[in-house]
Amino acid sequence: MSDKLQQTMNIVGDQTNIQLSGIVDEDADFSKLKGIGTKEVVFDFQKITMINSCGIREWIQSLSNLKPGIRISYINCPQIIIEQINMVQGFIPKGASVESFYAPYFCESCDKEVKILLKRSDVPQFKAPEMKCPDCGDTMDFDAIESQYFNFLKQG
Amino acid sequence: MGKVGVPLKLKFTIVILALLLGSVGFYVYYAIDIFRKDKSADIYNNSLVSANQISKELNGFLLNNLKNLKRVSTNPNIGSIIKSYLAEESHLFAIEIYENKLGKWQRTQFEFEKNYTSLYDKSGNLPEIDISKNNLLKSAVHFSHNENIPGWILSYEMVPGSKILISRVKIDFLKQMLTSTAELFSAKIVDAKGISLVSLSSTNETNYKNELLEFSSQAVRQLVKKVGDSLVAFVKVDDFPLIVETFISEKKAFSAAAELQKKSIYFGTLIFSLVVIVAVLFARALTKNIQLLTQATEKVALGEFETQLNIKSNDEIGMLAKSFEFMGREILKYIEEMKEKSRLENEVKVAQLVQQTYFPKNYEKIKNIETSYQFKSASECGGDWWGYYSDDNYFNFLICDATGHGVPAALLTATASSALATMEKLADKNDLGPKRMLEIFNSIVAELEGQINLTAIAGRINMSTGELNYSNASHHPIWIIKNESEKSIKERIEPLLGTPGLRIGQHKETQYEEFSYQLKNGDEILLITDGILELENIEAKAYGQRRLIKALEASSELNPSEKLSFVMKDAMTFSDDKNNDDITLSLVKWTDQTQTRLESESNQIHLFCSKTLDPMKLMPTPEHNIVVHFEDIQHFLAKDKYLVVAPSDLQNLENKSRAIVFSNLSNEENIKILKSDDVFHLVGENSPYLFEEINLAMTSFDSDLIDLMKKGAEIKSIQLSAGDNNSDIIEKFLKNFDFSEYFESPANYLHFMALELVNNIIMHGEVSKTELSFIKSRNYVAIRVKDNVGKLDRNTIVDAIWRGYEEKTPKQDGRGAGLGLYLTYSQCNQLWINSLPNVSTEIVCLIESNKRYKKYKERITSFHFILRGHV
């Protein structure tokens, strides 16, 4: 059961930072979220490896239990989370936003895929920013369909 | 050329005249209007001035005469003075004295002008005035109409009630007062009742009685107004109950304006006529030159480029004519140049055609050898060449690449062709091997002593044994593509390096080494010139070996001809269809005759496709043993065959379950098709393994999919049970496999899909155990789960996908979230469901071999539902 969802909560001033790791599935327990009393909560998805359809349901329900008025941000969202966000409604509740996320790039010269962490502000007009390969320095291709991949930025 | 509709000169004349008519007409109208307004004010003023003048003159005249009368009456010698007074005052015609004697007024003394009275009375007498009747004592001025002799009577009472002095004023004199204005105005002196007292006309009453009576009753002294079509002025006489009336008809008042208008029309007509004449003459002069130009263009159109125009004018038309003549001369010059260029181009084309005859057939099967080539020249003629000949047991070939390209290099390839043809003739007598072939070729080229060399490879295949002998003259090495389909192309390629010799033509005495290689059944020999490797794209990146290998990988299932065609297309797409060097690709496939198993025609699958589909996208390769027919879908109804249709054909198709929908629509649109139409097979148009899919769809009606996918694939399975941490187990299971030929995270997607399917079966279904298999072939990776219940039918599956697509939110109740199948369908490239009702349901989710995540996402997901025992 090593991959069960883990949640590490850290409160700094008016902000609660929650680092999530493992798999979000039907067994995920988000009951701790009810007690959050800060004005802002930041979810870090860096270590989330997967979220299945039941996990999506658990997640959406848990967010509805948060106290009204709390500002929600997502950071370090992996590609697989972004795909789920793009296909399912309600993953990002109204007023929440994805502040940073991973996006696939491909280096032709090295013939390899590189996941790049982008900030919301890096993607104006839903156009992927130009990125250089960390190994060879060549310009990499954005390796997804921009309009499809960045669709989630319209949510929240 | 067509006829002229409305001539230019007519247009020009009409425009000029319209402009002139408009401007003159406007000017005349405007001027007359101003003139009329000005005249109108003037006439009003003059009318009043005239009336006032008469009024003042009359008032002064009457006052003066009454004063004189008084003066005469006080003269002691009145008896003698009245005669002299009458003589002095020519406007008087009588002076009389009346006295009241015993109540009766009698004329006691009088003088009169007989000449005047005789004009009105034949006797010339002056009748007496009835003083009482005429009421002369009440008024100093009497305006009598009833007297025989017309005139006004002025009286002065010398002795009140008993003696009165009277003078009579000639009416003609009063009329003279009015004549001063008669030239323009008519005038009358009328009393307050409108009775005309003095008038030049015969009427005794004013024509404007109502207006006069109204004026008379008012306190105003003067008035001017328009009555009917006349202007009328009334002015009261200051000291007498008299009114001076002047009037003038509007016609007369504005006669000057009318005259001006009339003269303007005459003048305008004159100007108009002059302008018509001038405009016609000018337009004729202008259009004459244009007509000449038009005629000249018609001649040019007929090929008479030397047409001279003889237009002398120095205006724009003249310049145009000169330019036209110049253009004609230039065209002639250009035509001559074009003729020369065309002659040269034709010669190059002929050279190109001649060079094409040096090349063999694009595809040829000689016994157990299949050979094909692709050639793309950098210019009209190329410097690459490929050729071969065969005899009973040997297949001999030669590929060469002259340095540079164009005509000089092409001429050298002619030498190569001739050399091989000569060797073919010699072959019957001499046992020529590749080494000798190159040495002979080298000696021929070296004899030419040209600056151009060639790289070349000569080879010979023993068609019975598959032994390949070859010699290399500094050419790109032969690549053997081994017939080991379970391996990747990279692993299958073996370059035959050996020791290359000098270039052909470099040194006359060059000796070449010969090497040998044993081909196996189905092995292919790839020969290329360096043009493809050095091909550059717009960013100056070379196509290189890596892309060549990738293209070979992608086309590995195709036959030699299609394979080379695919690679060439891929390379030219990369370079945006531009190549600076000639490109030649040749492939020779050797098949071991002892192992060859020709498939009989009875095994061929006939696939019927709608005519609405693009045939280029549905070209099967020989490996698939599929014959494709394109027909109108109406003909499908009578046939029990496999049908491939476009989404738009569905509305006209009765039995949709037999159709394989070949869709170019998005996944979302395809979900709608699955929901609305009873479609069992939907294939994404961009499927890279289209015929494998179709083949599998058509052959899987009596077995599990996994059994059909076994060939050339690696399969591993695990058992999963309810209550286990299946997510963890699946993740660890997938870590055992190599995904290096894929984008970074196919394992994540397979993990997700496997977990969704397993959960559906063992957590939400009726069983507690299931088997999860992982399948990896050269073309794809897949996960497969199977239940032994067989309760899932097509509509249940499609409804679940549809629910996720439609709602896009998880269910709030129930065991599942209602999104799993929708997300699974969206994340795999092929979704297969193989159902044996009430026995088992097998689900396979497949991700195709692909390095690029973007391509994976662009792939339109294929859907296949196989109902065992049903086509």
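This is a predicted model: local features need pLDDT of at least 70, side-chain atom pairs count only at pLDDT 80 or more; totals for chains, interfaces and linings use all residues.
Close-up 1. Residues are numbered from 1 along each chain as its sequence is written, while chains are lettered from A and ligands numbered from 1 in the order in which they are written. Rings of Phe, Tyr and Trp (its six-membered ring) count as a pair if their centres lie within 6.5 Å; planes under 30 degrees apart are stacked, over 60 edge-to-face, and the rest tilted. By this rule there are 41 aromatic pairs over all chains. A:Y149 and A:F150 make an edge-to-face pair, 5.8 Å centre to centre with 80 degrees between the planes.

**Close-up 2. An aromatic cluster, and charges over rings.** In chain A, one aromatic cluster is formed by A:F30, A:F43, A:F45, A:W59, A:Y74 and A:F91. Now for charges: one sits over a ring if NZ of Lys or CZ of Arg is within 6 Å of the ring centre and within 35 degrees of the ring normal. A:K154 has its charged end over the ring of A:F126, 5.4 Å from the centre. Over in chain B, B:R460 lies over the face of B:Y394, 4.2 Å from the ring centre.

Close-up 3. Helices (H or I, at least four residues) and strands (E, at least two) are DSSP runs, numbered from the N terminus. Chain A has 3 helices and 9 strands, and 54% of its 156 residues count as buried. Here 5 strands make an open sheet with mixed pairing, in the order β1-β2-β3-β4-β5. Its edge strands are β1 (6-12) and β5 (97-98), and each pairs on one side only. Two strands pair if DSSP finds at least two bridges between them; β3 (residues 40-51) and β4 (residues 71-75) of chain A have 5 and run parallel. Look for A:V42, whose bridge partner in β4(A) is A:S73. Helix α2 (residues 79-87) of chain A lies across β3 and β5, at about 105 degrees to β3(A). Such angles run from 0 to 180 degrees between N-to-C directions, and axes are lines fitted to C-alpha atoms, for helices over the stretch in contact.

Close-up 4. Which residues of helix α6 (residues 209-217) of chain B are buried? They are B:E211, B:L212 and B:F215. Seen down the axis of α6(B), these buried residues fall within an arc of 100 degrees, so they line one face of the helix; the arc is that of the directions from the helix axis to the C-beta atoms. The face turned away from the buried side of α6(B) carries the exposed B:N210 and B:S217. What covers the buried residues includes β6 (186-191), β8 (222-227), β9 (230-236) and β10 (242-249) of chain B.

Close-up 5. Strand β20 (residues 524-528) of chain B is mostly covered, with 5 of its 5 residues buried. B:E524, B:L526 and B:I528 are on one side, with B:I525 and B:L527 on the other. β20(B) pairs antiparallel with β17 (residues 478-481) of chain B over 3 bridges, and with β21 (residues 583-590) of chain B over 5 bridges, again antiparallel. Find B:L526: B:W479 stands opposite B:L526, and B:L526 also stands opposite B:L587 in β21(B).

**Close-up 6. The 11-stranded sheet of chain B.** This open sheet has mixed pairing and the order β23-β22-β24-β25-β26-β32-β30-β31-β29-β28-β27. At the edges, β23 (626-631) and β27 (714-721) of chain B each have a single partner strand, so one side of each is left without a neighbour in the sheet. From one strand to the next, the twist averages 20 degrees. Strands β28 (residues 769-776) and β29 (residues 780-787) of chain B run antiparallel, joined by 6 bridges. There, B:L772 has B:V785 in β29(B) as its bridge partner.

Conventions. Side-chain values use heavy atoms; hydrogens and water are left out. Buried means under 20% relative accessible area, exposed over 50%, partly exposed in between (1.4 Å probe, protein chains only). Contact means heavy atoms within 4.5 Å.
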